[in-house]
Amino acid sequence: MKHFITYFSIVLLAILMVIVIRNNEPKISPKMITVSKYYSYLYHSDQKIVIPIYLNVNNHPLSDESSYQFVYISNEDETKKLELDFYDVEKMGMETYLNEQYQIYHLIFSMPYLATDYSIEDCYLSLTLANEQVVKVYIGKMSLLYLDGDTNLLDWTSLSGIKKENSFLSRLTEIHINYTSLLADIEKVEIGVNLDVSFKIENDLLVILIPEESYLLDNVPIIITFSNTEKQGILNFRYIVDYHILKESGPLIHTYAID
């Protein structure tokens with residue numbers, strides 16, 4: 001009997017210690033993070049718009065594809081607004097930020113068909129969920145390009161991208177296009193609406209020079225305008241794959257409390 005009481009006391013003490021420890025654990029406040037990015041896409045029937053979000057809690061409606069009811073992008077006062085067709089949520093890796101673990105999710109949308117270029121300078125993503133919760137977050141800039149007709153005056157063979165030397169920020173500073181033939185002079189190169197880039201040609205290599213700006217930039221299309229006014233498009237290509245976006249993006253990070 002004495003052994004039983006001792007054993008029972010030890011078990012009870014262990015249970016009480018677990019309860020005390022759990023009650024004293026810091027409560028996690030559900031949060032969502034976005035990072036300012038320049039999103040640029042060239043219309044194609046299979047093209048998808050991918051917007052990453054970061055969640056520090058599991059099983060939130062934002063991680064469930066069946067939760068999404070209505071989605072649109074807009075400027076802050078919503079005088080410019082475009083609805084997006086939700087396609088899927090893709091669960092990616094994990095990142096640590098301010099001693100908290102964040103699960104990365106890619107929100108995937110079908111690119112809307114547009115007969116002209118469309119852009120939003122300061123772009124917000126608004127998400128209406130099945131539980132009637134509305135989440136509105138800043139994502140950066142959005143550029144949707146439309147190409148009417150396409151030529152093949154540049155016979156290119158490979159694409160590659162370069163970040164600024166000694167910079168951790170996930171932003172392109174140069175795009176290199178190797179080619180075998182160029183049948184007309186290049187007049188202009190575009191990678192987004194109202195995003196000025198310059199270029200130079202060196203030994204069958206087209207180098208696109210991208211100015212510095214406080215936005216991530218890793219995935220863009222290219223539109224080349226030739227001296228005869230014809231245009232050639234190169235669809236979106238992801239030039240940079242970084243695995244520590246939160247660690248390296250500093251002031252580009254936007255944190256939101258979510259229910």
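Q: What makes Lys-164 count as partly exposed?
A: Lys-164 has a relative accessibility of 43%. Buried means under 20% relative accessible area, exposed means over 50%, and partly exposed is in between (1.4 Å probe, protein chains only). At 43%, Lys-164 therefore counts as partly exposed.

Q: What should I know about the model and its numbering?
A: This is a predicted model: local features need pLDDT of at least 70 and side-chain atom pairs count only at pLDDT 80 or more, while totals for chains, interfaces and linings use all residues. Residues are numbered from 1 along each chain as its sequence is written, and side-chain values use heavy atoms, with hydrogens and water left out.

Q: How do you know that Lys-164 and Glu-212 meet in a salt bridge?
A: A salt bridge takes a side-chain nitrogen of Lys or Arg within 4 Å of a carboxyl oxygen of Asp or Glu. Here the N to O distance is 2.9 Å, so Lys-164 and Glu-212 qualify. Lys-164 lies in the loop between β9 (154-163) and β10 (172-182) and Glu-212 in the loop between β13 and β14, so the pair ties together parts that are 48 residues apart in sequence.

Q: Why is Glu-212 called exposed?
A: Glu-212 comes out at 63% relative accessibility, so it counts as exposed.

Q: How many salt bridges are there in the whole structure?
A: A search finds 11 of them. Asp-218 and Lys-37 make one, with 3.1 Å from N to O. Asp-218 is in the loop between β13 (205-209) and β14 (219-226), while Lys-37 is in strand β2 (residues 37-42), so this pair ties together parts that are 181 residues apart in sequence.

Q: What makes Asp-218 and Lys-37 buried?
A: Asp-218 has a relative accessible area of 6%, so the label is buried. Lys-37 is at 12%, and therefore buried too.

Q: Which residue does the side chain of Lys-136 meet in a salt bridge?
A: Glu-78, at 3.2 Å from N to O. Lys-136 belongs to strand β8 (residues 134-145) and Glu-78 to the loop between β4 (68-74) and β5 (81-97), so parts 58 residues apart in sequence are tied together. Lys-136 sits at 32% relative accessibility, so it is partly exposed. Glu-78, at 28%, is partly exposed as well.

Q: Which residues are linked in a network of salt bridges?
A: Glu-121, Lys-141, Arg-171 and Glu-213.

Q: Why does the open sheet leave one side of some strands without a neighbour?
A: The sheet has 3 strands in the order β11-β14-β15, with antiparallel pairing. β11 (186-190) and β15 (231-238) are at the edges with a single partner strand each, so one side of each has no neighbour in the sheet.

Q: What makes Tyr-43 and Tyr-113 an aromatic pair, and how many such pairs are there?
A: Rings of Phe, Tyr and Trp (its six-membered ring) pair if their centres lie within 6.5 Å; planes under 30 degrees apart are stacked, over 60 edge-to-face, and the rest tilted. The count comes to 8 aromatic pairs. Tyr-43 and Tyr-113 are 5.0 Å apart centre to centre, with 80° between the planes, so they form an edge-to-face pair. Tyr-43 lies in the loop between β2 and β3 (48-55) and Tyr-113 in the loop between β6 (100-110) and β7 (118-129), so the pair ties together parts that are 70 residues apart in sequence.

Q: Why is Tyr-113 called exposed?
A: Tyr-113 is at 53% relative accessibility, so it counts as exposed. Tyr-113 also pairs edge-to-face with Tyr-146, at 5.8 Å centre to centre and 85° between the planes. Ring pairs link Tyr-43, Tyr-113 and Tyr-146 into a cluster.

Conventions:
Helix = DSSP H or I, 4+ residues; strand = E, 2+ residues; numbered from the N terminus. Pairing = 2+ DSSP bridges.
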